[in-house]
Amino acid sequence: MMAAVRLLLRTGSSSSSFVHSGFGATLLRLSPSCSSRPKTQKRHAAHFTYQPDPVPAEYGPTVKMNLFQSVTSALDNRLATDPTAVIFGEDVAFGGVFRCTVGLRDKYGKDRVFNTPLCEQGIVGFGIGVAAAGATAIAEIQFADYIFPAFDQIVNEAAKYRYRSGNLFDCGNLTIRAPWGCVGHGSLYHSQSPEAFFAHCPGLKIVVPRGPIQAKGLLLSCFADKNPCIFFEPKILYRAAVEQVPTEPYHIPLSQAEVVQEGSDMTFVAWGTQVHVMREVATMAQEKLGVSCEVIDLRTILPWDVETICKSVVKTGRLLISHEAPVTGGFAAEISSTVQEQCFLNLEAPITRVCGYDTPFPHIFEPFYIPDKWKCFEAVKRMISY
Amino acid sequence: MASVRGLQKWVGIGFHAFRQHSALNSSRVLQQRAFRLSGARCQQPFDSSVEKPQFPGASAEFVDHLEFIQPNVISGIPIYRVMDRQGQIINPSEDPKLPKETVLNFYQKMTLLNTMDRILYESQRQGRISFYMTNYGEEGTHIGSAAALEPNDLVFGQYREAGVLMYRGFPLDLFMAQCYANADDLGKGRQMPVHYGCRDLNFVTISSPLATQLPQAAGAAYALKRENSNRAVVCYFGEGAASEGDAHAGFNFAATLECPLIFFCRNNGYAISTPTDEQYRGDGIAARGPGYGMLSIRVDGNDVFAVYNVTKEARRRAVAENQPFLIEAMTYRIGHHSTSDDSSAYRSVDEVNYWDKQDHPISRLRHYMTACGWWGEEEERAWRKQSRKLVMEAFERAEKRLKPHPDLLFTDVYNEMTPGLDQQRESFWRHIQQYKEHYPLDLYEK
């Protein structure tokens with residue numbers, strides 16, 4: 001399967017390799033020379049508008065970074081402070097196919113930033129071994145879509161290492177990073193959001209950031225955490241999301257959701273790119289319906305922050321959960337049933353899930369597949385008049 | 001020249017990014033370019049003037065006739081041996097010349113394991129423990145290899161390597177505690193019997209999924225190499241487990257990442273009921289090693305000195321040269337696969353008897369010791385009695401001991417107790433208080 005990816009990356013037609021065109025939409029908009037291209041070839045506009053976080057004041061000097069640069073910055077900080085830390089995966093040595101590890105091999109040496117053979121189960125197994133020996137292992141899976149060959153190592157091994165050994169051994173120093181989520185044209189195997197598969201597995205932590213500041217702080221927390229973590233990076237934001245990110249290390253706590261916008265009529269819960277969609281929906285709801293929405297970024301999928309979500313729902317009485325992944329067995333189901341149990345007397349409308357359909361992630365139908373702002377807006381209308 | 005085109009493309013993207021994001025200062029972009037170019041220099045020099053193969057993927061000559069490479073399975077990799085079935089040293093220059101105390105220790109550890117196996121196997125038959133797997137016939141591979149390692153070398157095992165722990169001094173009480181899952185079990189009673197582990201003895205806790213430990217061993221060996229600690233990793237697995245994808249991953253990672261690691265395959269002829277001709281068609285496991293660029297050897301697993309010699313040399317070179325070694329120890333699984341298996345359903349009793357009576361690692365070492373005048377009937381009788389007493393005493397202590405506190409069901413899932421799990425624990429206790437007569441609480445620590 002990885003051979004297919006490589007084909008796209010390395011030998012794709014000269015005008016549109018996968019990654020290049022992956023951010024083609026952004027580049028097109030920014031580059032006036034591209035406006036002369038025939039309109040029929042122009043891709044569908046991005047389904048979200050990135051909203052930068054406020055500039056953090058408490059962590060020292062900041063620099064403008066996009067998401068891939070903030071990931072590099074977090075990796076850089078960790079390698080600088082932890083001599084045992086190593087980064088490995090497919091094609092990380094030259095900087096990674098998404099540029100997340102650029103310059104690190106030159107700075108820290110080839111024994112610390114290195115390519116592995118093309119084998120996901122090997123990468124995760126190897127990372128577990130590095131961590132079990134006491135060093136910090138930062139493994140990269142090139143796309144979240146290709147994490148499944150490592151499912152056994154993650155679910156049966158990494159997640160259960162500490163428990164089964166009675167805490168004699170653990171692989172808490174392991175972090176697995178993987179590009180995640182839709183990208184406009186990634187089709188079946190460059191678009192998936194597999195967090196719910198892992199959310200059913202005690203022992204793991206699963207984290208998804210919504211932007212560069214979040215990515216760096218949460219990733220550094222994953223490194224510092226004494227449990228195996230999976231860190232999913234919304235690849236559509238790698239270049240599209242730009243904001244002021246502190247250059248020094250800082251930590252954003254795991255298992256804590258963040259209320260990114262306060263409201264009183266309805267609670268929105270999302271993670272990753274979808275947080276930006278929900279922010280737009282909140283604006284639309286306010287402008288067109290006069291509905292005040294509270295937007296919450298869940299940030300950590302497992303173990304998730306039940307308290308923050310339930311507190312919000314107790315206040316608003318309505319909950320809309322949205323994710324890109326298919327609806328059946330998606331993580332929204334878990335949130336929904338938990339909130340229903342804990343906030344039954346406060347709920348004024350059925351909890352609604354606006355998610356991907358129960359199909360594989362399609363290529364040319366992506367604009368129809370994703371839970372975009374119009375689908376979410378329609379759900380708001382129905383819920384508010386329930 | 002796809003890769004060259006790829007390089008140009010990346011440089012192009014780099015500049016796009018540069019235009020958009022002032023954060024990327026120019027020196028960093030230049031650094032990226034230099035880095036990529038130096039990466040390109042690592043490719044083999046291209047010289048079209050010479051009529052020699054220039055493919056980056058292999059170093060080889062052209063050949064002008066069509067010939068497939070034949071696997072050699074009839075006359076396979078030879079089996080290294082130090083003593084014959086009567087315990088006679090075949091080639092004196094290969095005699096490790098171990099002192100009497102060492103050899104006696106080998107023998108006592110092998111037989112103590114054998115005694116423990118018999119008692120625990122029977123105890124499972126009586127329903128006193130839920131499950132067991134014996135080590136019959138493979139005692140020599142455990143003791144011989146364990147003796148050739150340093151005590152701080154890290155061991156990853158499959159499940160039929162209890163002799164390695166025995167050699168390292170794991171107390172009988174802890175073997176029993178694990179099988180009984182009592183309050184003394186280091187694993188807190190969470191895993192099935194024979195899933196031993198010991199931090200102090202550098203023996204990584206066993207897990208049931210086969211071959212998962214192979215790439216893990218490679219990672220651990222890589223970490224130890226970076227520590228520069230003069231330690232090696234040894235990783236045991238059966239020939240059946242070698243069919244798993246993780247075995248391929250482990251071999252290839254260990255070779256390409258130059259890990260000080262010994263892969264030790266116990267080829268005992270069966271994976272439960274599956275004979276080796278349904279497991280592979282090549283020349284066993286050892287023949288795969290060279291395909292991964294790994295130094296490999298095949299050894300008589302019933303010859304404890306042969307196992308000792310190959311492990312000793314592999315260990316020395318693995319640490320000195322930072323490269324993996326593959327040892328395939330040929331043995332025979334004399335016992336059933338486990339207590340949940342009746343092996344007479346798929347193999348003959350005669351076959352089993354041959355290995356048990358005529359080519360057994362324990363009897364072979366005993367022949368050697370007898371020939372040296374180090375062991376006689378008297379010693380044998382006394383040791384049998386003593387070892388049985390030691391095992392039975394530990395057995396009885398383990399059986400009387402309470403099971404671990406039920407709270408330990410909830411701990412160590414994460415390093416810390418999560419709020420959600422803590423709530424489940426509290427709800428569990430509320431339920432238990434209300435329905436305590438329906439649960440075996442009196443067997444557990446309070």
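**Where the chains meet**

Modeller: Between chain A and chain B there are 26 residue pairs in polar contact, both residues being at pLDDT 80 or more. Keep in mind that this is a predicted model. On the side of chain A that touches chain B, the top contributor is helix α6 (residues 120-132) of chain A, which gives 9 residues. Sort that side of chain A by residue type and you get 33 nonpolar, 23 polar and 15 charged. In total, 71 residues of chain A and 60 residues of chain B take part in the contact. Putting the chains together buries about 5,500 Å², and carbon and sulfur atoms supply 59% of that area.

What about charge across the contact? Side chains of opposite charge can pair when their charged atoms come close. Between chain A and chain B, the count of salt bridges is 2. Glu416(B) makes a salt bridge with Lys205(A), with 2.5 Å between the closest N and O atoms.

Now zoom out to the whole structure, where a search over all chains turns up 46 salt bridges. Take Glu138(B) and Arg160(B), whose side chains meet in a salt bridge at 3.9 Å, N to O. Glu138(B) sits in the loop between α3 (100-125) and α4 (139-148) of chain B, while Arg160(B) sits in the loop between β2 (154-156) and α5 (162-167) of chain B, so this pair ties together parts that are 22 residues apart in sequence. Both Glu138(B) and Arg160(B) are buried.

Another pair is Asp412(B) with Lys188(B), a salt bridge whose closest N and O atoms are 2.8 Å apart. This one links distant parts of the chain, 224 residues apart: Asp412(B) is in the loop between α12 (377-400) and α13 (419-434) of chain B, and Lys188(B) is in the loop between α6 (172-180) and α7 (213-227) of chain B. Are these two partners buried or exposed? Asp412(B) has 10% relative accessibility, so it counts as buried, and Lys188(B) has 24%, so it counts as partly exposed.

Then there's Arg366(B) with Glu380(B), a salt bridge at 3.7 Å, N to O. Arg366(B) belongs to helix α11 (residues 361-372) of chain B and Glu380(B) to helix α12 of chain B, so the pair ties together parts 14 residues apart in sequence. Arg366(B) counts as partly exposed because its relative accessibility is 21%; Glu380(B), at 5%, counts as buried.

Pairs aren't the whole story in chain B, though: Arg81(B), Arg85(B), Asp300(B), Asp303(B), Asp359(B) and Arg364(B) are linked in a network of salt bridges.

Back in chain A, have a look at Glu195(A), in helix α9 (residues 195-199) of chain A. Glu195(A) is buried yet has no salt bridge, and the nearest side chain of opposite charge, Lys235(A), is 10 Å away. What does the side chain of Glu195(A) touch in a polar contact? The partner is the side chain of Trp271(A), at 2.9 Å. Setting aside neighbours within four places in sequence, the residues in contact with Glu195(A) are Trp180(A), Ile206(A), Phe232(A), Trp271(A), Ile301(A) and Ala325(A).

One more residue in chain B is worth a stop: Ile432(B), which is found in helix α13 of chain B. Ile432(B) has 2% relative accessibility, so it counts as buried. Beyond its neighbours within four places in sequence, Ile432(B) is in contact with Tyr439(B) and Leu441(B). Its C-alpha atom is 64 Å from that of Glu94(B), a residue 338 places away along the chain.

Finally, some background on each chain. Chain A contains 16 helices and 14 strands, and 64% of its 386 residues are buried. For chain A contacts between residues at least 6 apart in sequence, 82% join residues at least 24 apart. Chain B contains 13 helices and 8 strands, with 49% of its 446 residues buried. For chain B contacts between residues at least 6 apart in sequence, 72% join residues at least 24 apart.

Note on methods: Residues numbered from 1 in each chain as written. Chains lettered and ligands numbered in written order. Predicted model: local features only at pLDDT ≥ 70, side-chain atom pairs only at ≥ 80, totals over all residues. Heavy atoms only, no water. Helix = DSSP H or I, 4+ residues; strand = E, 2+ residues; numbered from the N terminus. Buried < 20%, exposed > 50% of the residue type's maximum accessible area, 1.4 Å probe, protein only. Lys, Arg positive; Asp, Glu negative; His and termini not counted. Salt bridge = Lys/Arg side-chain N within 4 Å of Asp/Glu carboxyl O. Polar contact = N/O pair within 3.5 Å; in protein donor to acceptor, adjacent residues only side chain to side chain. Contact = heavy atoms within 4.5 Å. Buried area = accessible area lost by both parts, 1.4 Å probe. Nonpolar A, V, L, I, M, F, W, Y, C, P; charged D, E, K, R; others polar.
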